[in-house]
Amino acid sequence: MDILNKIKKAGLVGRSGSCFPVALKWEMVAKASDQKKYVICNASEGEPGVKKDGYILNNFPVKVIDGIKIALNFLKADKGFIYLNPEYYKKYHKKLKKIINTSPIELIAKPANAGYIGGEESSILNSIEAKRIEPRLRPPFPTTNGLWGYPTLINNVETFYDVSLAAASKYKNTRFYTINGDCLLDGVYELPTNYTIEKILKLTKNFPNFPFFVQIGGDASGLILNSRQLKRPVSGAGSITIYSQQKYNPKELIANWLYFFKSESCGQCTPCREGTYRLMEILNSKEINWKNFTDILDNLSDTSFCGLGCAAPLPIKSYITNVLSGMPENKINLGPGAKKIICGCFK
Ligand code: SF4
């Protein structure tokens with residue numbers, strides 16, 4: 001069986017958080033008739049609370065490089081790149097170089113000022129081409145117009161690890177979960193893809209015995225769920241962060257998420273550049289105008305140029321809907337009438 005059929009049989013999906021079918025992406029690049037093709041392994045892992053790619057690079061680097069080599073062979077690609085965040089570059093470049101040996105794979109360190117958006121796939125293309133690091137307009141997609149205009153396959157570390165297992169018929173429907181926050185046994189765990197959040201927390205002995213809520217898919221852009229919503233698998237980049245309900249002030253939590261997006265906005269489009277700034281401004285004002293606040297959140301998800309701006313409202317809206325709406329008024333502490341206005345907007 002050829003590698004594409006093995007990937008299809010294993011049902012591999014991208015593990016950057018997108019869950020895009022791997023075989024479909026590989027086919028798109030394979031079908032492009034250009035003379036040059038490239039492969040990029042995205043090891044820029046920049047979402048707070050997600051550490052699984054670092055764990056895989058540390059523990060299974062041979063499998064990751066093997067997955068990249070399989071892609072290079074299948075696509076008859078000219079060259080591969082591993083694009084690492086500065087921390088991972090420092091920690092793993094010697095080990096990776098040894099394994100790469102004479103293969104046509106180059107290690108590239110993400111510039112320190114590239115920020116969170118520097119890990120977005122079209123920003124990576126700009127970064128390698130030494131252009132301003134910001135997302136590109138799509139279409140065209142990297143599968144046909146990637147590095148220097150040539151078809152480029154971009155998959156993340158865990159995806160190449162899975163490809164290596166699938167090629168050897170050893171893939172067992174597992175994925176890596178990062179568990180963080182208010183728990184005793186935080187870390188990275190490899191468990192079946194279909195386990196529910198509740199099952200994962202119980203199996204790893206991290207299920208809290210206090211009132212809590214969780215954030216899945218990253219501490220910045222992840223979805224917030226209350227403790228009655230855990231009978232579902234983990235979506236996105238495979239992380240679960242536990243928050244003690246008593247420990248966090250709602251306004252501070254919302255401000256923390258906003259601060260992250262305001263700081264990491266690349267500034268290319270107005271809804272995200274201005275929107276995240278104005279949201280912080282409203283939140284810090286004496287009398288918070290919740291109507292304007294919720295209008296700007298909606299605008300961000302509807303009109304932002306890339307996933308960062310579109311994702312910024314997700315933790316805030318889901319926190320308000322899934323956690324705040326169930327809390328007694330006297331515990332919310334967001335100013336008079338806040339619960340009625342903001343919870344009403346997102347129902
Ligand atoms: S949404 Fe934000 S990060 Fe994305 S292009 Fe616009 S300004 Fe840049």
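Q: What makes β2 and β3 paired strands?
A: Two strands pair if DSSP finds at least two bridges between them. In this predicted model, strand β2 (residues 79–84) and β3 are joined by five bridges in the parallel sense, so they meet the criterion of at least two bridges. Within this pair, phenylalanine 81 stands opposite glutamate 106 in β3.

Q: Why are β3 and β4 called edge strands?
A: The open sheet of four strands has the order β3-β2-β1-β4, with parallel pairing. β3 (105–109) and β4 (152–156) each have a single partner strand, so one side of each is left without a neighbour in the sheet. From one strand to the next, the twist averages 20°.

Q: Which helices lie across strands β1 and β3, or β1 and β4?
A: Helix α5 (residues 86–100) lies across β1 (38–43), β2 and β3, and runs at about 165° to β3. Helix α7 lies across β1 and β4, at about 95° to β4.

Q: Why are α1 and α7 called roughly perpendicular?
A: Helix α1 (residues 3–10) and helix α7 (residues 157–167) pack at an angle of about 105°, with their axes 9 Å apart. Angles of 65 to 115 degrees count as roughly perpendicular, and α1 and α7 are therefore given that description. The contact is made by Ile3, Lys6, Ile7 and Ala10 of α1 together with Val163, Ala166 and Ala167 of α7. By class, these residues comprise six nonpolar, no polar and one charged.

Q: How do you know that β5 pairs with β6 and with β9?
A: The criterion is again at least two bridges. β5 and β6 run antiparallel and are joined by six bridges, while four bridges join strand β5 (residues 174–181) to strand β9 (residues 239–244), which run parallel. Threonine 178 stands opposite valine 188 in β6, and isoleucine 179 has isoleucine 240 of β9 as its bridge partner. β5 and β6 also form a hairpin, with five residues between them.

Q: What makes the pairing in the sheet of five strands mixed, and why are β6 and β8 at the edges?
A: This open sheet has the order β6-β5-β9-β7-β8. Its pairing is mixed: β5 and β6 run antiparallel, whereas β5 and β9 run parallel. β6 (187–192) and β8 (223–226) each have a single partner strand, so one side of each lacks a neighbour in the sheet. The twist averages 30° from one strand to the next. Helix α3 (residues 52–59) lies across β5 and β6, running at about 120° to β5.

Q: What makes up the contact between domain 2 and domain 3?
A: The chain is divided into domain 1 (3–167), domain 2 (174–244) and domain 3 (251–345). The C-alpha centres of domain 2 and domain 3 lie 23 Å apart, and ten residues from each of these two domains form the contact. On the side of domain 2 that touches domain 3, β7 (212–216) and β8 each supply at least two residues.

Q: Which residues surround the ligand, and which domains do they come from?
A: The ligand is surrounded by 15 residues, the closest being Cys266, Cys269, Cys272, Cys306 and Gly309. α10 (270–284) and α12 (307–311) are the elements that give two or more residues to this shell. Domain 1 and domain 3 each contribute at least three residues. By class, the shell has eight nonpolar, five polar and two charged residues.

Notes. Residues are numbered from 1 along each chain as its sequence is written. This is a predicted model: local features need pLDDT of at least 70, side-chain atom pairs count only at pLDDT 80 or more; totals for chains, interfaces and linings use all residues. A residue is near a molecule or strand if its C-beta atom, placed from the backbone, lies within 6 Å of it. Ala, Val, Leu, Ile, Met, Phe, Trp, Tyr, Cys and Pro count as nonpolar, Asp, Glu, Lys and Arg as charged, and the others, Gly among them, as polar. Domain bounds come from an automatic or database domain assignment. Axes are lines fitted to C-alpha atoms, for helices over the stretch in contact, and angles run from 0 to 180 degrees between N-to-C directions. Two residues are in contact if their C-beta atoms, placed from the backbone, lie within 7 Å. Angles under 35 degrees count as roughly parallel, over 145 as roughly antiparallel, 65 to 115 as roughly perpendicular and the rest as oblique.
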